[in-house]
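Let's walk through this structure together, one piece at a time. Have a look at the sequence and the model first.

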Amino acid sequence: MNPTTPALPDYLNLSETVRERMARLKEREVVLEVRNMGKKFKTRRGDVTALNDINFKTHRRELVCVIGPSGCGKSTLIRILAGLESATSGEVLLDDKPVTGPGSERGMVFQGYTLFPWLTVKKNVMFGPEMNQRGSFTAEREARQWLELVGLEKFADVYPHQLSGGMKQRVAIARALVNQPRILLMDEPFGALDAQTRLKMQTHLLEIWKNIDITILFITHDLDEAIFLADRILVLKANPGEVAEMIEVNLERPRRVEDLTSAAFMATKARLTELIHAPVVEPDDGVQLHLLRMTDISDVVE
Ligand SMILES: Nc1ncnc2c1ncn2[C@@H]1O[C@H](COP(=O)(O)OP(=O)(O)O)[C@@H](O)[C@H]1O
Ligand SMILES: [Mg+2]
C-alpha cells in the first residue's frame, strides 16, 4: 500500500452504532418485497431484458436508495413498483399483497415537475384527498398540514410557476404524502436541481422522514446523494439490469453535511464507484441504437 495515502476503513466494517441500527431495522416488518422479478420489453429488434431476477426487501421506515448506470432499469423498476408497468416474471409484494396496479398506498415523486400549473399549491395538494372523496374541508385541512411540514404554508395560494425548482419538488412531496402512503417511490426527484438546492432538499427530506411513518425507495444516479440519504443502497448493473450488491451505509443518523467528507463516506463511495464503473460488455450497434431511442433522453443529451 502507498504509505502516503491513509488506509480507508473497509466499507463493510460497520460501526457498533450502525450495526445495531441495521439489526433493529431488519427486525421491523417488511413493507416491500421484490421476488425473482424480471422485465422484458418486446421490441421490433427482439426482446430487451431490462431487469433480471431482482430480489430485495425494504423494512418499515427504511430509506433504500437504488443506484446504477444509465439504462440499468432504475425507472423500469420503480414503474413496476408503482404498478404503472407489469413485471414479466416474479412478483412484487406490498405488505404481503401482490401489486397489480397503481394504488394510494404508494406515493410517487418524479424528477420532472408534475404539478398542475392551473391549480394553486394548496389545490395541487388537495387534489388526491378530493379524488378520494375526502370532502373539501378535510382535504384543505390535510393539505395545509402537509404544506406546513414541507415549510410551504406561506405559499399555499400561489401557482407552481411562481416557485423555484426546489419548492416545486417540496409541493410534489406534500402532494404524495397527503394520501398517507405506506411507501414513497422517488425517481431522481432532485436530479434537475443545482448542487446546493439538492443538498438542502436531501436534508429536508431526511427531516420530513424522521417525523413520519414512511418507507422510502429513492432512485438516483448520484453516489453522494445515495450515501447521504440511505440506510441501504441497492446497486444495479446494466445489460441486463441485475442486483450487483446491497450495501449497508456505515453512517449514523441524523446525517450531517460533515458526513459527506468522512472516511466512512469515502470508503462507501469508493466501493460504489468500483461497482458502477465496472467494465461492461458493450452492446452491439443494434442494441445501442435501441438504447438511444428508449432511455430517458436527459441521460444521453448533454
Ligand atoms: N417501453 C420500453 N420499451 C422498450 N425498452 C424499454 C422501455 N423502457 C425502457 N426500456 C429499456 O430498458 C432498459 C432500462 O431502462 P430504464 O429503466 O429507463 O433505465 P434507467 O432509469 O436506469 O436509466 C433500457 O435498455 C431501456 O432502453
Ligand atoms: Mg431513469
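Val235 has Glu245 of strand S10 as its bridge partner. Strands here are DSSP runs of E with at least two residues, helices are H or I runs of at least four, and both are numbered from the N terminus. Keep in mind that this is a predicted model, where local features need pLDDT of at least 70, side-chain atom pairs count only at pLDDT 80 or more, and totals for chains, interfaces and linings use all residues. Residues are numbered from 1 along each chain as its sequence is written, while chains are lettered from A and ligands numbered from 1 in the order in which they are written.

Strand S9 (residues 232-237) and S10 run antiparallel, joined by 6 bridges. Strands pair if DSSP finds at least two bridges between them. Both belong to an open sheet of 6 strands with mixed pairing, in the order S6-S7-S8-S3-S9-S10. Its edge strands, S6 (106-110) and S10 (242-248), each pair on one side only.

Across S6 and strand S7 (183-187) lies helix H5 (residues 165-177), running at about 165° to S6. Such angles run from 0 to 180 degrees between N-to-C directions, with axes fitted to C-alpha atoms, for helices over the stretch in contact.

Now for a helix pair: the axes of H3 (residues 121-131) and H4 (residues 136-149) come within 8 Å and cross at roughly 125°. H3 and H4 are therefore oblique to each other (under 35 degrees is roughly parallel, over 145 roughly antiparallel, 65 to 115 roughly perpendicular, and the rest oblique).

Methods: Two residues are in contact if their C-beta atoms, placed from the backbone, lie within 7 Å.
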